[in-house]
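Dear colleague,

I am passing on the structure that we spoke about, and it is placed just below this paragraph. My notes on it follow, arranged by region.

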Amino acid sequence: MKNGVFITLEGGEGSGKSTQIRLLHQALSDAGTDVLMSREPGGTPQAERIRTLLLQRDSGSFDPLTEAMLLFAARREHLVDKIWPAIEKGQWVLSDRFADSSRVLQGYGMGLDMQVIESLYQMVAGEFQPNLTFIFDIDPEMGIGRSMKHLKATSNSTEATEDRYERMGLSFHQRLRTGFLEIAKKFPDRCVMIDATQDVQFVHQRMLEVIFSRFGVRGKEARYG
Ligand code: TYD
């Protein structure tokens with residue numbers, strides 16, 4: 001494999017990671033890096049079909065193991081069809097969520113056994129890991145408030161149908177926050193915590209600093225808005 005780079009962004013509702021992935025993509029492209037932006041569940045046509053199945057309001061609820069298997073099936077498509085070929089070519093891939101979301105949402109959130117999740121990971125991805133994971137940390141009450149505002153503002157778009165997980169209660173979101181903090185402790189070399197209460201431009205700069213110190217690539221700061 002050539003030296004492509006795989007970076008994931010993880011975190012709770014309303015933590016601003018979707019804004020930050022766009023800024024980061026822009027900053028790296030402007031600096032001449034060949035970089036793709038992606039998301040999970042999804043990222044390829046087949047994986048997006050699984051996403052629709054999982055996230056649409058009228059899709060009903062799945063057994064947690066079924067749900068995890070669907071998420072990992074989508075992840076397999078994403079890896080095989082997009083992430084691995086890109087890395088092979090030396091490209092960078094940024095993904096809005098990846099396997100830590102399964103560890104945290106399906107594990108800490110839904111109570112699925114972590115060993116089951118890790119064996120699914122092993123089956124689908126083997127020893128492959130992201131080179132870097134940003135974990136956006138925010139108090140769930142604040143995050144949900146932000147994300148509700150966003151949902152109201154976009155209530156005519158398809159995003160409004162994707163609030164299946166967002167409708168869970170506060171204690172669920174608090175478990176997720178704990179889960180992300182524990183993941184960051186468990187994988188300290190890979191994970192960097194981001195204080196998502198800081199302003200957009202500040203967070204963006206901080207991410208560029210981390211990338212420069214890890215990979216020696218200086219992104220060209222992008223402007224929000
Ligand atoms: P999305 O609208 O992309 O949410 P967000 O903006 O919060 O990233 O929807 C993705 C949803 O899927 C999100 O609520 C988290 C959930 N999810 C899991 O439960 N497990 C997973 O492994 C992944 C990748 C996502």
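Please keep in mind throughout that this is a predicted model. I begin with helix α8, which covers residues 200-215 and counts 16 residues; from its first C-alpha to its last it reaches 22 Å, close to the 22 Å expected at 1.5 Å a residue. At the start of α8, a side-chain oxygen of Asp 199 comes to within 3.0 Å of the backbone nitrogen of Gln 201, and just after the helix Gly 216 adopts a positive phi of about 70°.

Which residues of α8 are buried? They are Gln 201, Val 203, His 204, Met 207, Leu 208, Val 210 and Ile 211. As background to that pattern, an α-helix has 3.6 residues a turn, so residues three or four places apart point the same way. The cover over the buried residues of α8 includes the strands β1 (5-11), β3, β4 (132-137) and β5 (191-195), together with the helix α1 (17-30).

The ligand site comes next. The ligand is surrounded by 15 residues, of which the closest are Lys 17, Arg 51, Arg 97, Ser 102 and Gln 106. By type, the shell divides into seven charged, five nonpolar and three polar residues. At least two shell residues come from each of α2 (45-55), α3 and α4 (99-109), and α4 gives the most, with four residues. As for individual distances, a polar side-chain atom of Ser 102 lies 2.5 Å from an oxygen atom of the ligand, a polar side-chain atom of Arg 51 lies 3.0 Å from a ligand oxygen, and an N or O atom in the side chain of Arg 75 is 3.1 Å from an oxygen atom of the ligand. Taken alone, the ligand exposes 550 Å², and the protein buries 91% of that area.

Is Glu 40 buried or exposed? Its relative accessible area is 6%, and because buried means under 20%, Glu 40 is classed as buried. The peptide bond that joins Glu 40 and Pro 41 is cis, with omega at about -10°, and Pro 41 lies in the loop between β2 and α2.

Arg 97 may deserve a look when you check the backbone. Although Arg 97 is not a glycine, its phi is positive, at about 80°. Arg 97 is found in the loop between β3 and α4, and its relative accessible area of 18% makes it buried.

Lastly, Gln 91 belongs to the loop between α3 (64-88) and β3 (92-96). Gln 91 is buried, with a relative accessible area of 10%, and, leaving aside residues up to four places away in sequence, it touches Gly 4, Val 5, Asp 34, Leu 36 and Ala 86.

With kind regards

Technical notes: Residues are numbered from 1 along each chain as its sequence is written. Side-chain values use heavy atoms; hydrogens and water are left out. Buried means under 20% relative accessible area, exposed over 50%, partly exposed in between (1.4 Å probe, protein chains only). Contact means heavy atoms within 4.5 Å. A residue is near a molecule or strand if one of its heavy atoms lies within 4 Å of it. A polar contact is a pair of N or O atoms within 3.5 Å; within protein, one must be able to donate a hydrogen and the other to accept it, and residues adjacent in sequence count only if both atoms are side-chain atoms. Accessible areas come from the Shrake-Rupley method with a 1.4 Å probe; for residues, only the protein chains shown count as cover. Ala, Val, Leu, Ile, Met, Phe, Trp, Tyr, Cys and Pro count as nonpolar, Asp, Glu, Lys and Arg as charged, and the others, Gly among them, as polar. The expected span of a helix is 1.5 Å times one less than its number of residues.
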